[in-house]
Amino acid sequence: MSKMMQRAVALVVMLVVVMGGTIWGTASTTIHYRPLDNGAPVVMTVNGDEVCADEYAGYMLYNMSYYANMYAQLGMSDVWNDEHAAATLGSSMPAAAKDQSVYARVVLQKFNELGLKLTYDQEKQMTQLRQDTIDSMSYDAYAKQIANFGFSDQSYSNFMYISQCYNALNEYYYGENGANVPSDDELRQYFADNYLAAKHILISTVDSMTGETIRTDAEAKAEAQKILDRINAGEDYDTLMNEYSEDPGLAGNPDGYIFTEGDMVTEFYDGAKALAEDEVSGLIKSDYGYHIIKRVPLDVDGQFENYKGMLTTAVAGTMDDLLTQWMEEADVQTTEVYDEITYQNVREYLPADVQEILNAQDAASNEAATDETAATDDAAATDDAAAETADAAE
């Protein structure tokens, strides 16, 4: 998965956690996507569809909230008030919001192009989940919570609706009998053509847990050679493997490993691939030590179901791969307004009702801070007076 998609998914997950598992919302009986239509200037177009400043600014604040949450978990409680950290992170916020905007548009576009529809039950469930959230905390509390992530009730509903469209696209392409799912015969052939099965006897030069050296290269090679000589003299490979191999995965894989290129260290993969079935290698050196590899038959039919998901991904990719491709192919044109919006002024471009909530919260915080300062000053003055009284008494 690309870094962009990882961030997009992480942002959705963050909202799921913050909202206590309630991720859908709408202001009507059933959910439908509704443009904000607040007269905000256009920031960009995606395949001709406009993205306005209030929506884009919401995505930027959304990303900023994500990073604030992440850094808070690392002990930096107010990253956006740290001048150096804010400047470093802030430079990446326009691109992050742009990615989110493109993601939202291409998902909705592909969903509509395919003529897909959310079911009435899906829409009704989303509506009920939103109402349950409001019932648990009041509408004002709900509005304040999503405002802190840059959302109004409608923009939040729109984005969550788009997230549900993404799930529908995933089902269309990669669900049971999905449009991009290869046939079992194709997957079996890919399995047979690209995977190997092999056992090995490992004599280690390093501890697999600590990485510390446990014997010299020469010592490991000499010990491995003794075992190889016994195999070549006719002793049973499996018996010697179970007695001498220092592979930490042996207990969990007594019949060997099934793998493809990239799963194992290069020396192991190349060594196994060069063997015929039931052939034993010479000594093969890797960073772990010395291997004596025996290639064994790949049980395609017996192991197919265990590897089917992995094989499908290898042959057909994933929904995230497809989405990344769509985003890369999208015709994205930005306007001058895009260059005007930064992490420093983003709140000025948010939907009006979101700005109103955030400004009220700031005013309440400032008032509380003023009261606390006044209380501290009063306490200090009282302490000073008491000290003066004590001095006079002395």
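Ala, Val, Leu, Ile, Met, Phe, Trp, Tyr, Cys and Pro count here as nonpolar, Asp, Glu, Lys and Arg as charged, and the others, Gly among them, as polar. This is a predicted model, in which local features need pLDDT of at least 70, side-chain atom pairs count only at pLDDT 80 or more, and totals for chains, interfaces and linings use all residues. Residues are numbered from 1 along each chain as its sequence is written, and side-chain values use heavy atoms, with hydrogens and water left out.

**Overview**

The protein has 15 helices and seven strands. Both are DSSP runs numbered from the N terminus: helices are H or I with at least four residues, strands E with at least two. Of the 394 residues, 42% are buried. Buried means under 20% relative accessible area, exposed over 50%, and partly exposed in between, with a 1.4 Å probe and protein chains only. Contact means heavy atoms within 4.5 Å. Among contacts between residues at least 6 apart in sequence, 72% join residues at least 24 apart.

**Cavity and pockets**

Rolling a probe the size of a water molecule over the atoms shows where empty space is left. The search uses a 1 Å grid over the protein atoms alone. A cavity is a set of points where a 1.4 Å probe fits but cannot get out. A pocket is an open set with protein on both sides within 12 Å along at least five of seven lines. Lining residues have an atom within 4 Å of a point. Grid points are joined across faces, edges and corners, and a volume is the space filled by probe spheres set on the points.

| Space | Volume | Lining by class |
|---|---|---|
| Largest cavity | About 40 Å³ | four nonpolar, three polar, two charged residues |
| Largest pocket | About 560 Å³ | eleven nonpolar, eight polar, three charged residues |
| Second largest pocket | About 360 Å³ | eleven nonpolar, eight polar, six charged residues |

The structure holds one cavity of 30 Å³ or more. Lys199, His200 and Met241 are among the residues that line the largest cavity, as are Asp247 and Tyr257.

The largest pocket is lined by 22 residues. Leu61, Ser65, Trp80, Asn148 and Arg347 lie nearest its centre. Helices α2 (53-73) and α15 (352-393) are the elements that give two or more residues to this lining. The largest share, five residues, comes from α2.

The second largest pocket has a volume of about 360 Å³. Of its 25 lining residues, Tyr33, Pro35, Glu50, Glu55 and Arg105 are the closest to its centre. Two or more lining residues come from each of β2 (49-52), α2, α4 (93-113) and α7 (153-174).

Strand β1 (residues 42-46) pairs with β2 in the antiparallel sense over four bridges. Two strands pair if DSSP finds at least two bridges between them. Thr45 stands opposite Glu50 in β2. Two residues separate the strands of this hairpin, and Asn47 in the turn has a positive phi of about 50 degrees.

**Ala97 in α4**

Ala97 lies in helix α4. It is buried, with a relative accessible area of 0%. Leaving out residues up to four places away in sequence, Ala97 touches Tyr56, Tyr59, Met60 and Asn63. Ala97 and Tyr56 are 41 residues apart in sequence, yet 6.2 Å apart in space, C-alpha to C-alpha.

**Helix α11**

In α11 (residues 266-273), the buried residues are Phe268, Tyr269, Gly271 and Ala272. They cover an arc of only 165 degrees around the axis, so they sit on the same side of α11. The arc is that of the directions from the helix axis to the C-beta atoms. Their cover includes β3 (196-204), β4 (257-259), β5 (280-286) and β6 (289-296).
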